[in-house]
Amino acid sequence: MKLASLHVHCLSIWIHVLLTSPLVAQGTGASDTSPAGLSTGDWSSIREIYDAGRYQVVADDVAGAGGYLARNPGQDWSTYFDGRGFTTQPGDGAWSWGLQLQSFGFDGHGSRVSGEASPCADGGRMEYTWTDALTEWYVNDTRGLEHGYTLTERPSGGMGPLTFTLDVRGDLRASVLGDGTGVTFMDDREQAVLTYAGLTVFDAEGTTQQATFAGGGSRLRIVIEEADAKYPLTIDPIAQQVYLKASNAGFLDSFGNSVAVSGDLVVVGAWEESSMATGVDGNESDNSAFFAGAAYVFERIGGVWSQQAYLKASNTNNGDQFGNAVAIFGETVAVGAWQEDGSSTGVNGDQSGNSSHESGAVYVFERSAGVWAQQAYLKASNTDVGDGFGFSLALSGDLLVVGAFQESSNASGVDGTQSNNSSPDSGAAYVFERIGGVWSQQAYLKASNPGAGDQFGSKVGISGETIVVAAPLEDSGAIGVDGDQNDNSASGAGAADVLERVLG
């Protein structure tokens, strides 16, 4: 069938604009917990109305020009609609960015859009009606800003690809990726601030169509080869605030297997990275320590993300898997290496021995006066083969909790006997505190009902003086809080212990 004879019902171009990536915490608005006297369903309805109100598109007047404004508290930015396009700016005003449609259609037969569209705001939705056939629309909600076009009839003119041409607004400039499936938006220092990535196009039957970005600088084109498509089409790139990669990205490094964020700092683990470097910012290009592992610290300054440090263990070794777990609080970073082999115990012991296979270790780094350095090398007080100390981490202020899910003593509670191994893989957790810049172990934690294979310490969490430790393979059939812990009728049911420090 010739393209000209296609019956076009609707062409929908979907652009999901998420100006913050998963690195940025989402605002939750009203509490998730139902107030007394309200059912969960009623409270959910109230929350929906409340959240919808926070994301409304409302009439606004900027310098007397008129227009509409949509705030997005979950993403910490605002979008201004002026009848021609949109401009988005984060709360700190570090950059501005937007798009403005210039034309659409086929090669040599594009239809320009001019003047201002007829705007219509309804809740979190804004529509621009350009012609009888073309409507541009936006939806502002907790996901970000969804941007799309609806074309009700096929543009007249030649064959060739269908093209939408857009001007880039604001102080960022576009750089199209080599394969045309994404765009990086750069600031005047050539730092990446936003990315459009993962461009995919599919038709009414779900068949993927060829589509690419083209152009660059201040102008972009979306180019669609739709000769065999069944309409409508969906075009779906995603914009993110940042796309992070290691400074020495390598095959099978597993960059991103662990992540943590605190304010404008992000730490990313790559537990199978293989360089032989030690310490901070060593030689990244040497791949002679297979699966030694690494971690990377990124910082956002003026809205722009950049790598600040490349972290390695002070005793880098094959297979240690440094970076399997990471934690950050302020300017302190902890990195686990659960298969490290050192036989020392406690804080800053001998790192040179490798006689305790896969006992595990944790490394603490701190930034002082802008310089990152290792502050401590932590081991369990009862280091033993295969314990996996450092498999999980959590950090809050000067308290650090470390999980060792394969530790095997049969002690229970706090600071019990550590010396026996009669309960294989029951698991343990250890609490360390920094006082006056010096780290020391404060507590040895076991489940209140330790059992072989429970893997207590697989996950840990901390907030202030409260710690939670998970035992995902614990077997009791109890339900709720403080049930019968001695009932082992539900194999692998799992449990969690909550512990609190009470200062005397």
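**Exercise 1.** In this predicted model, determine which residues Leu101 touches, not counting residues up to four places away in sequence.

*Solution.* Step 1: Set aside the residues up to four places away in sequence from Leu101. Step 2: List the contacts that remain, namely Arg84, Val113, Trp130, Leu134, Glu136, Tyr149, Phe164, Thr165 and Leu166.

**Exercise 2.** State which members of the largest nonpolar core touch the most other members, and which strand gives the most to this core.

*Solution.* Step 1: The largest nonpolar core has 44 residues. Step 2: Within this core, Phe81, Trp97, Leu101, Leu134, Phe164, Phe185 and Ile224 touch the most other members. Step 3: Strand β6, which spans residues 97-106, gives the most to the core, contributing five residues. Step 4: A second core is separate and has 20 residues, among them Val364, Ala380, Leu400 and Trp439. As general background, nonpolar side chains in soluble globular proteins tend to be buried together.

**Exercise 3.** Decide whether Val193 is buried or exposed, and state how far Val193 is from Trp97 in sequence and in space.

*Solution.* Step 1: Locate Val193 in strand β15, residues 192-197. Step 2: The relative accessibility of Val193 is 1%. Step 3: Buried means under 20%, so Val193 counts as buried at its value of 1%. Step 4: Val193 and Trp97 are 96 residues apart in sequence, while their C-alpha atoms are 10.0 Å apart in space.

**Exercise 4.** Classify the aromatic pair formed by Phe255 and Phe298, and state where each residue lies.

*Solution.* Step 1: A pair of aromatic rings is described by the distance of the centres and the angle of the planes. Step 2: For Phe255 and Phe298, the centres are 6.3 Å apart and the angle between the planes is 80°. Step 3: Planes over 60 degrees apart count as edge-to-face, so the pair of Phe255 and Phe298 is edge-to-face. Step 4: Phe255 lies in strand β21 (residues 255-262) and Phe298 in strand β23 (residues 294-301); the pair therefore ties together parts that are 43 residues apart in sequence. Step 5: Phe255 is partly exposed, at 25% relative accessible area, whereas Phe298 is buried, at 4%.

**Exercise 5.** Classify the ring pair of Trp338 and Phe405, and state whether these residues are buried or exposed.

*Solution.* Step 1: The ring centres of Trp338 and Phe405 lie 5.7 Å apart, and their planes are at 50°, so the pair is tilted. Step 2: Trp338 is in the loop between β26 and β27, and Phe405 in the loop between β30 and β31. Step 3: Both Trp338 and Phe405 are buried.

Note on methods
Residues are numbered from 1 along each chain as its sequence is written. This is a predicted model: local features need pLDDT of at least 70, side-chain atom pairs count only at pLDDT 80 or more; totals for chains, interfaces and linings use all residues. Side-chain values use heavy atoms; hydrogens and water are left out. A nonpolar core is a set of buried Ala, Val, Leu, Ile, Met, Phe, Trp, Tyr and Cys residues joined through side-chain atoms within 4.5 Å. Buried means under 20% relative accessible area, exposed over 50%, partly exposed in between (1.4 Å probe, protein chains only). Helices (H or I, at least four residues) and strands (E, at least two) are DSSP runs, numbered from the N terminus. Contact means heavy atoms within 4.5 Å. Rings of Phe, Tyr and Trp (its six-membered ring) pair if their centres lie within 6.5 Å; planes under 30 degrees apart count as stacked, over 60 as edge-to-face and the rest as tilted.
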